[in-house]
Amino acid sequence: MESNKKRNWIFGGFSLIILLLEYFICRYLFFDLHGMREFPQLLLLVGVVFLLLAAAGGLKIFSISVLAGYPLGFICGMALQSYGTDPGGGRTSNGWIIWGGIFLACVVVGVLIDLAKRKVKK
């Protein structure tokens, strides 16, 4: 049993490193695509919390869904975004909504799959 907990935390550590790489790629390398400073960091913080929960609970599919949701949400958000103008004349975009929505949808799917797997095992 102790071995499984150790493996869960090691997997969680690797997952965290991958999430940080995804963050740096999306936030800094592709900054010209989205121009957002705070939102990628907010998603990173949410992702870190999710990865900690996944490691503590031994939920590997949940971890993988967090890792898949961050770049998938980014790609879809940048591909499907539309631009508008706010009442003050500034430029707006819905790319962040799409990015965050797909990220959270992936997380929910991962949690549901892990919970279903646990229910089937019992």
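What percentage of the 122 residues of the protein chain count as buried? In this predicted model, the figure is 34%. The protein chain exposes about 7,800 Å². Carbon and sulfur atoms supply 70% of that area.

The overall layout comes next. The secondary structure of the protein chain comes to 5 helices and 2 strands. The C-alpha trace spans about 60 × 25 × 20 Å along its principal axes. Contacts between residues at least 6 apart in sequence were also examined. Of these, 67% join residues at least 24 apart.

Helix α1 covers residues 2-29, and helix α4 covers residues 60-80. Their axes come within 10 Å and cross at roughly 5°. Angles under 35 degrees count as roughly parallel, and α1 and α4 are therefore roughly parallel to each other. Which residues of α1 meet α4? They are Asn8, Phe11, Ser15, Ile18, Leu19, Glu22, Tyr23 and Cys26. On the α4 side, the residues are Lys60, Ser63, Ile64, Leu67, Tyr70, Pro71 and Phe74. By class, this contact has 10 nonpolar, 3 polar and 2 charged residues.

Asn8 is one of the α1 residues that meet α4. Asn8 is buried, with a relative accessible area of 17%. The cut-off for buried is under 20%. Leaving aside residues up to four places away in sequence, Asn8 touches Ala55, Gly58 and Lys60. Lys60 is in α4 and belongs to the contact with α1.

Gly58 lies in the loop between α3 (39-57) and α4. Is Gly58 buried or partly exposed? At 28% relative accessibility, Gly58 counts as partly exposed. Gly58 touches Asn8 and Arg118, again without residues up to four places away in sequence. Gly58 and Leu21 are 37 residues apart along the chain. Their C-alpha atoms are separated by 22 Å.

The strand residue Thr85 was examined as well. Thr85 is found in strand β1, which covers residues 83-85. Thr85 is exposed, with a relative accessible area of 62%. Along the chain, Thr85 and Lys6 are 79 residues apart. The C-alpha atoms of these two residues are separated by 51 Å.

Cysteines were then checked for bonding. A disulfide is a covalent bond between the sulfur atoms of two cysteines. How many disulfides does the model hold? The count comes to 0 disulfides. Cys76 shows why. The closest cysteine sulfur to that of Cys76 is in Cys106, 8.3 Å away, too far for a bond. The cut-off for a disulfide is sulfur atoms within 2.5 Å. Cys106 is likewise in no disulfide. The nearest cysteine sulfur to Cys106 is that of Cys76. The two cysteines fall into separate accessibility classes: Cys76 counts as partly exposed at 21% relative accessibility, whereas Cys106 is buried at 16%.

Note on methods. Residues are numbered from 1 along each chain as its sequence is written. This is a predicted model: local features need pLDDT of at least 70, side-chain atom pairs count only at pLDDT 80 or more; totals for chains, interfaces and linings use all residues. Side-chain values use heavy atoms; hydrogens and water are left out. Axes are lines fitted to C-alpha atoms, for helices over the stretch in contact, and angles run from 0 to 180 degrees between N-to-C directions. Helices (H or I, at least four residues) and strands (E, at least two) are DSSP runs, numbered from the N terminus. Angles under 35 degrees count as roughly parallel, over 145 as roughly antiparallel, 65 to 115 as roughly perpendicular and the rest as oblique. Contact means heavy atoms within 4.5 Å. Ala, Val, Leu, Ile, Met, Phe, Trp, Tyr, Cys and Pro count as nonpolar, Asp, Glu, Lys and Arg as charged, and the others, Gly among them, as polar. Buried means under 20% relative accessible area, exposed over 50%, partly exposed in between (1.4 Å probe, protein chains only). Accessible areas come from the Shrake-Rupley method with a 1.4 Å probe; for residues, only the protein chains shown count as cover.
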